[in-house]
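Let's walk through this structure together, one residue neighbourhood at a time. Keep the viewer open as you read.

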Amino acid sequence: MTARKRAPSETTAAAAAATQPQSQETTTAASATTTDPPIAPPKSGTILKLSLLLIVPYAYLILFHYRVDGDLKRSILINAALSLAGFFVTRTLIPVASRYVLRRGLFGYDINKKGTPQGSVKVPESLGIAVGVVFLVLAIIFQYFNFTSDSNWLVEYNAALASICFMILLGFVDDVLDVPWRVKLILPSFAALPLLMAYAGHTTIIIPKPLIPYVGLEVLDLGWIYKLYMGLLAVFCTNSINIHAGLNGLEVGQTVVIASAILIHNAMQIGASTDSEYKQAHAFSIYLVQPLLATSLALLSYNWYPSSVFVGDTYTYFAGMTMAVVGILGHFSETLLIFFIPQVLNFLLSLPQLSGYVKCPRHRLPRFDLQTGLLTGTNDGTVVNLFLRKFGRMSEKSLCIVLLIFQAIGCCFCFVLRWFLAGWYK
């Protein structure tokens, strides 16, 4: 969900134009292409600073702090090089894709700037499709460098890509057809099917040490219940990114912060472990998260305030499913859920409205004050409105920065919690 509003008049006009002669359609499309201004250039300076802040700690851990096996480090660096190339390809592709979606009437108006000149600008939607396509191409090309035909991880890797691809498709369908909320909630369960069917890993959980005397077991096999949990995790991660939204840069920004935390976590686990299978599981996660982070940073360069493109449900579904997949196959779903603390809070606040117990408006966004340019919180159950009610009115950019800092604090809390519980909890 983004802070947008589609113009019904545009849809009606497009339907009427379809009944006109072909020559008139060509003229209309050509005039639309010439009258729509190009999108604003990427905010490269902001993205460079953010990239250094988030990527340097991870790079230090992988390259210098831990002694990583040579072959494993080589695979990670090849994947990083492909991801860097993907960043530049995505940044080049987004303006091209923007022209096509504008031509097809896939645009919206920024509700949080209503009444200002920026609020009347057509903003191209569903640009998450460009990110998703580049990500899939990178992930497929990487197989040539890392996996052999008899690799134990190849089946699950391709199943993961199938689930992500399925989710991109469903997200784009949602952007085009505007699927109702209750249908959106179950879409990820269909996209997760390839992963669940191909999953051949363990279905056991380690009982926390304080509970072993009461349970009588150190390891508990959950069987099909574990796979049900995997499906529910995919549904939560995908929808939680989608509903914690509504500000320029928030959807992509939270993904970038969480992805960076996942990379740091994987690097720490690889460096601290001597189990080759355990290391490979976390390397598997890195192989998918590095391209996600690189392509997302390219999208953020256009989506940061003031946004010149909207990411659409295509991106939020894609990002959520990718992080769910790496959490499941990397066997750190508990850690992933702690990284998602702001999203868990937002889901709990949203539950009364999403369940229909409390009336749910079409856009659960704060109110924009045209005189001051500030946002005021409403009574809708979202973290965005909660922060405005607790900390007072803010500009859209300031609010987004505060929420991303809150996201980063949640990730840091996870690392501190793991450090305190190490050796005692499990």
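Thr 203 is buried, because its relative accessible area is 17% and buried means under 20% (exposed is over 50%, partly exposed in between, with a 1.4 Å probe and protein chains only). You will find Thr 203 in the loop between α9 (193-198) and β4 (204-206); helices (H or I, at least four residues) and strands (E, at least two) are DSSP runs, numbered from the N terminus. The side chain of Thr 203 makes a polar contact of 2.7 Å with the side chain of Asp 221. A polar contact is a pair of N or O atoms within 3.5 Å; within protein, one must be able to donate a hydrogen and the other to accept it, and residues adjacent in sequence count only if both atoms are side-chain atoms. Not counting residues up to four places away in sequence, Thr 203 touches Leu 220, Asp 221, Leu 222, Gly 223 and Tyr 226, where contact means heavy atoms within 4.5 Å.

A word on the model itself. It is predicted, so local features need pLDDT of at least 70 and side-chain atom pairs count only at pLDDT 80 or more, while totals for chains, interfaces and linings use all residues. Residues are numbered from 1 along each chain as its sequence is written, and side-chain values use heavy atoms, with hydrogens and water left out.

Now zoom out. The protein chain has 18 helices and 7 strands, and 49% of its 426 residues are buried. Among its contacts with a separation of 6 or more, 76% are between residues 24 or more positions apart.

Which loop holds Ser 308? Ser 308 is in the loop between α13 and α14 (312-329), and Ser 308 counts as buried, at 9% relative accessibility. Leaving aside neighbours within four places in sequence, Ser 308 is in contact with Ile 39, Ala 40, Lys 43, Val 123, Pro 124 and Tyr 302.
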